[in-house]
Amino acid sequence: MRKLTDGSTSLNRRRFLQGAATTGVAAAAGCLGGDGGGDRVPMDVTEWPPEDLESNLNLWNWYDSWAEYAIDAFGDEFDVDVSNSGYSSADQWYSQLQAGNDEIDNIAATTNWVERSIENDFLHELPVDVMPAWENISDRVKDASSYQQDGSVYGIPEALVLYPLTYNDEYFDSAPDSWGVLWDEEHEGDLCMWDNATVSCQIAALYTGQDPIQPDDYDEIEEVLIQQKPLLQTYWGDYQQGMSLFVNEDVVAGPLTMGRTYTARFQEGAPVHYTAPQEGAMYTSDLFVIPQGAPNPIASLQFTNWASETEHAAQLFETMGYQPAVDISDELSEEDAEFTNWPDEWDLVFSETLSDEVRSRYDEIWTAVKAA
Amino acid sequence: MPESPSSTDEPADGSGDELATDGGSTAGVDGRMSGLTTYLRERPRLRTLAIAGPPYGILVLFFAIPLLAMLVVSFQADQIGGAWTLHNYTDFLTSETYLTVVWRTFLISVQVTAIVAAVGYALAYSIVRFSRRTTLLLLLVILPFWTSYIIRMYAWINILQSDGVLDSLLDLAGLPALGLLYTDTAVLIGFTYVWLPLAVLPFYASLTNLDGDLIEASKDLGAGPIRTFLSVTLPMTINGVVTGIVLVFIPTFGSFITPRLLGGTNNIMIGMVIENQFKSAFNWPFGAAIGMVISVVVVALLVVAMRLGGGLFGAGGETA
Amino acid sequence: MSLLRVRGLTKEFGDLVAVDDVDFDVEDGEFVSILGPSGSGKSTVLRMVAGFEEPTEGEIALDDVGIVGSPPFERDVNMVFQDLALFPHLTVAENIGYGLKQSGVPADERRERTEDMLEMVRLEGYGDRTPSELSGGEQQRVALARALVNEPALVLFDEPLSSLDRKLRQHMQGELQRIQLETDTTFLYVTHDQEVALAVSDRLVVLDDGRIQQVGTVEELYEAPESRFVADFIGDVNAVEGRVTAVEDDGIAINTGDEAVTVPRTTAEEVAVDDAVDVCIRPFQVRVESADADGSDADAPADTDGTFSTTGVVRSRSYQGSDSQYGIETDRWGRLSAEVRSASFEIDDRVTVAWDAADVHVYRRDGDGSPGGDGGS
């Protein structure tokens, strides 16, 4: 398809290089022999720590700098040769699993794709009962249990990903308490939305008092989004671009991820903060999963546990700025602790995987809104 | 004519041996080579296969098979492996929203192609006719290709945003700021910038091949610069022009990154819709169906355009 | 009043002076050739007349109107290009009608005049073909027709025949002359090929190193070349080195070896005693006789009463129609060539070689081949 190649040259080359690199690592692993691992799967581990780790571990984790840290820290501690393939889009690893995985040991994945993977039996079940770090996972995350099915657990949460309202905290005296701020003509031209059908439609659903997972009035959602258009500067389509809008103070309010807000606030020094308005805000989780076909499943299991220890989870937070799945408040500076504190009164809605119907209606609405 | 395998094999082997004995080692290699060519010459079908096979093989492997796969997917319900259906096509073709997006994509692609063709032709023409440092200039034209597309788009964001590079320069010159980012103009600028080299290269190639004497002959025969351009320069370089237009029009029609990064709330293009089906709406069959329809539309448009272009310029002369 | 008047025409490309202070005229109905070796500036002159180059200095007037500065498409001249420059995307008829179309001639008249012109160049029925379907000679005719159909005051030719083989070239020369007469058009023809120039031209402008060497009819240039260069360039010439020993009212004494020969004053103006000179003689003016028949094989003395003479041995011969060309190794002046009608000699025959002092041209040998006397540049 010629028309899909716009700008994807770099992407393709990157994927190719990644493929070549991981193939090379896999081949090297093959040469060293399937030492220790044998045919074991994670559920075979009944006592902690697992013994006879494989000597290699191939991560797919898009927090590159944290992965760098893990390669050294985990590698030294367990004498495992760790490599990481950063990726930019979940369909990259998903198609790898579809094609029959034989190189990826551990993926940091978002909930929606984890659910799809569980449905298609692409993931190993995990023996959380024997994993010490499972106790560290906060209850709020454990309750968002879409990675657990029929009493089996297929992933260990890495982080909570909130889709908050980000705002300029110099422009606003206090955090806006309603999504309505994005429909307020007073801020005309200084607002943005996210060019993402689900996120934008769910904001509109929350704004109009509907269930964002199963709304009952699509027309109203479309109507308010069209009504909102003249007030917006743009729909941002790329995280970096979205963050720049706030850093350059082109906009004063709009949806942005918690991680980008963290980066904008503490690394770029921009006057931004985030909130969950009274209508509620969506959140999901990223999880560590071990795909079927992983050449080094036991090392991967040990890694999953290791990553959920508070020290390493805190390190992950410093890199990404998302709410860790582990309570790490003791490890954080005062301002970081303040930043990660989610008031109990926030009404957070877990972003369950949408039904095909809702997803395609959202997609149609969003296309119609942009074409309007 | 029936021929036994041995009667054709023997002379080939024989000549090889003969040359090897009296002609030394190089002749031996030649002999074996000529043995192979003789072998192929006497089997026309095999020879055709040997010559035409690799290019066709590449086409089938990298073009036909993926296209066929897309075609198959586009007739499936909801997900790959689902039931056969036409509804992906009917949904798309009966939706006013999607057709509006296609129409807008068409309009912006035509604008971009026209601007790139005009600017690119002027650039190529001045490089060919008025410059001595041709290689250097061409290198500068191609240079941006060494940088990632996304990074170049971010550079434009920096240039075009309010209080960006452009506005700062305007401010220095005492002119009002434009704040072009997130407008239609920004999208046109971004497209023009990224596709310009694609047009300049074929334009340049056809213009270098243009015999300068023909331009002089035209002027000598009483045609001014504009009429010379229209009746000699353009028709003589029409192949390069068509190539450049095709190279620009097709990727513009399928673009999704430039309008997303530089455009405002109204800059939706069909490539963005297709990308969405694959990356976030999880509706590959629908995305594949849109892709198929768009491919057919784009190819049809180009065929029509080339026919028209050929009629306008190819015949030339007396028709006007 | 001349049709074309060129005065003080100069063209510099950076430090290079391609054309240096050139003056010449072309009369209405004339066939004038600009003849010179490659690099002599002849094409640059033509391109300035056509309007493709702007002169650095000087004037060009067509019908008494200055045309310097006006663009090519406004000049009443048409050019036949060296590589013809036929439009490959147009038919023969469209090529020929191109100029008429530009000047707004209606389609009917255009078709008619194109047909007439095809007939004139003997290409009836070729109108619908494309140039690539024609032979080299046919393409020449189309290029000529394309220029002539506009009925310009002047047709310029930039060596268009140089790509043809000799036979076809001679044929096209004849055609050029016929068509020039039939159309009563003025031709200015640039070439490095003296054979073509001598065959077709009424007058010649000889150019070397950007400067005019001589302007005149073919006969004038051949019989009275004003410089060693012209003498060399227009036909063959023998040159004998000598030194001026005396300049008298009625003649100049030149020592070319042992003794001085007196040549008429008119053959060498402006030389002074002690000048080194070339004494030039055309091969056809050299007389050759058998040395034995003369009854003497001793060196014939250089005759002081108006004859140059020496002895030598025939080294080569070639037949040129009714004439024979001999290369003779002379005892006194090295190798000379002679064209002889009616006599016949064999290789290694001893001969006497002689010519009249009245037939020679004497040029001061100062290295730049300019006519003796004015001291060169």
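Visitor: Which domains does the domain assignment give for chain C?
Guide: The bounds come from an automatic or database domain assignment. For chain C, this assignment gives domain 1 (4-228) and domain 2 (236-364).

Visitor: What kind of model is this, and how are its residues and chains labelled?
Guide: This is a predicted model, in which local features need pLDDT of at least 70 and side-chain atom pairs count only at pLDDT 80 or more, while totals for chains, interfaces and linings use all residues. Residues are numbered from 1 along each chain as its sequence is written, and chains are lettered from A and ligands numbered from 1 in the order in which they are written.

Visitor: How many helices and strands does chain B have?
Guide: Helices (H or I, at least four residues) and strands (E, at least two) are DSSP runs, numbered from the N terminus. For chain B they come to 14 helices and 0 strands.

Visitor: How is A:Gln202 classed, buried or exposed?
Guide: A residue is buried if 20 or more other C-beta atoms lie within 10 Å of its own, exposed if 12 or fewer, and partly exposed in between, with C-beta atoms placed from the backbone. A:Gln202, in helix α6 (residues 197-207) of chain A, has 27 C-beta neighbours inside 10 Å, so A:Gln202 counts as buried.

Visitor: Which residues does A:Gln202 touch, not counting residues up to four places away in sequence?
Guide: Two residues are in contact if their C-beta atoms, placed from the backbone, lie within 7 Å. With sequence neighbours up to four places away left out, A:Gln202 touches A:Pro212 and A:Met282.

Visitor: How many residues do chain C and chain B bring to their contact?
Guide: On the side of chain C that touches chain B, α2(C) gives the largest share, 4 residues. The contact takes 20 residues from chain C and, from chain B, 18 residues.
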